[in-house]
Amino acid sequence: MIVKVIITGSNGLLGQSLLNLLLTKKNKYEVIGFSRGKNRSGRNDFQYISIDITDKELLKEKILAINPNFIVNTAAMTNVDACENHKSECDKLNIDVVAVLTQVSQKINAHLIHLSTDFIFDGKKGNYKETDKPNPLSYYGVSKLKSEEILLTSKIDFTILRTILVYGKVFDMTRSNIVLWVIQMLSKGKEITIVDDQFRAPTYVEDLALACMLSIDKNATGIYHVSSNELLSVYEITQQIAEVFHLNKNLIKPISTSALNQTAFRPSKTGFNLSKLNNILELYPKSFKEDLERFKQSLI
């Protein structure tokens, strides 16, 4: 039986990566992409629907017409400071859309896969398990936690994939990410200031797309943590990018979080315990440096 999958946010980094992955198995998946504007994936071998998913009635109507087995919700407002400054806009995309997707999923008995974040935690502990108690510091974190709670209190089959600092490259991108930005700045010989007191385990988008596909294949439900397997300061992350891409590390200057005066608070130390990901989804992420080498090969 062919599995019918809707990807919301199919123009985004994860959306396009998942699209490309599922379309390598056309005998297994029928893929439908939902996104704003024109199809930016560079391919036309799938059904694309240009849609503003915050239009609740239209979203319901389009999903009901397709009647998918799975919905993978990769769409979100992820700019942390923008969420802090534009809370109602953040709510529309990060909370209200999830409520509609949950309602429709229940109606048609679809399995909803939803992306969440390490920013639901306060960063005091690090190495977070799926069962650790959330305590978001920013409105972005609050919005993603509320979206999780919609699923946790629902009666549908759902998967929540929490992730950290996703990077990679796809056909047509409107937003950059930490790896591409550092490469771009250092390649131009520009100095950059980077926080040295925040710790993260970045996620290669190909691994995150694979986690989405494995969730479909294994019909996995519940919460899973997906990231690389090593915690680094953001400063160390940028140093490793410079090393792998043979760029000038001396252009990277450390700065403390307090000196940045960012609008929204960030957790100081996140990182995930990946045991559940290893044991149930049978996905074994590597270190950031190993993933970077893999990413570099994909650019050649």
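Figure 1. Arginine 43 is partly exposed, with a relative accessible area of 24%; buried means under 20% relative accessible area, exposed over 50%, and partly exposed in between (1.4 Å probe, protein chains only). The model is predicted, so local features need pLDDT of at least 70 and side-chain atom pairs count only at pLDDT 80 or more, while totals for chains, interfaces and linings use all residues. Residues are numbered from 1 along each chain as its sequence is written, and side-chain values use heavy atoms, with hydrogens and water left out. Arginine 43 forms a salt bridge with aspartate 45, with 2.8 Å between the closest N and O atoms; a salt bridge is a side-chain nitrogen of Lys or Arg within 4 Å of a carboxyl oxygen of Asp or Glu. Aspartate 45 is also partly exposed, at 29%. Lys26, Arg43 and Asp45 are linked in a network of salt bridges. The structure holds 16 salt bridges.

**Figure 2. The salt bridge between lysine 125 and aspartate 132**. The closest N and O atoms of this pair are 2.9 Å apart. Lysine 125 is partly exposed, with a relative accessible area of 44%, whereas aspartate 132 counts as buried at 19%.

**Figure 3. Aspartate 291 in helix 11**. Helices (H or I, at least four residues) and strands (E, at least two) are DSSP runs, numbered from the N terminus. Aspartate 291 forms a salt bridge with arginine 294, the closest N and O atoms being 2.9 Å apart. The two residues are three apart in helix 11 (residues 288-299), so about one helical turn separates them. Aspartate 291 is buried, with a relative accessible area of 0%, and arginine 294 is partly exposed at 36%. Apart from neighbours within four places in sequence, aspartate 291 is in contact (heavy atoms within 4.5 Å) with Tyr167, Tyr204, Asp207, Ser228 and Lys286.

**Figure 4. Strand 1 beside strand 4**. Strand 1 (residues 3-8) and strand 4 (residues 70-73) run parallel and are joined by four bridges. Isoleucine 6 has isoleucine 71 in strand 4 as its bridge partner.

How values were computed
Two strands pair if DSSP finds at least two bridges between them.
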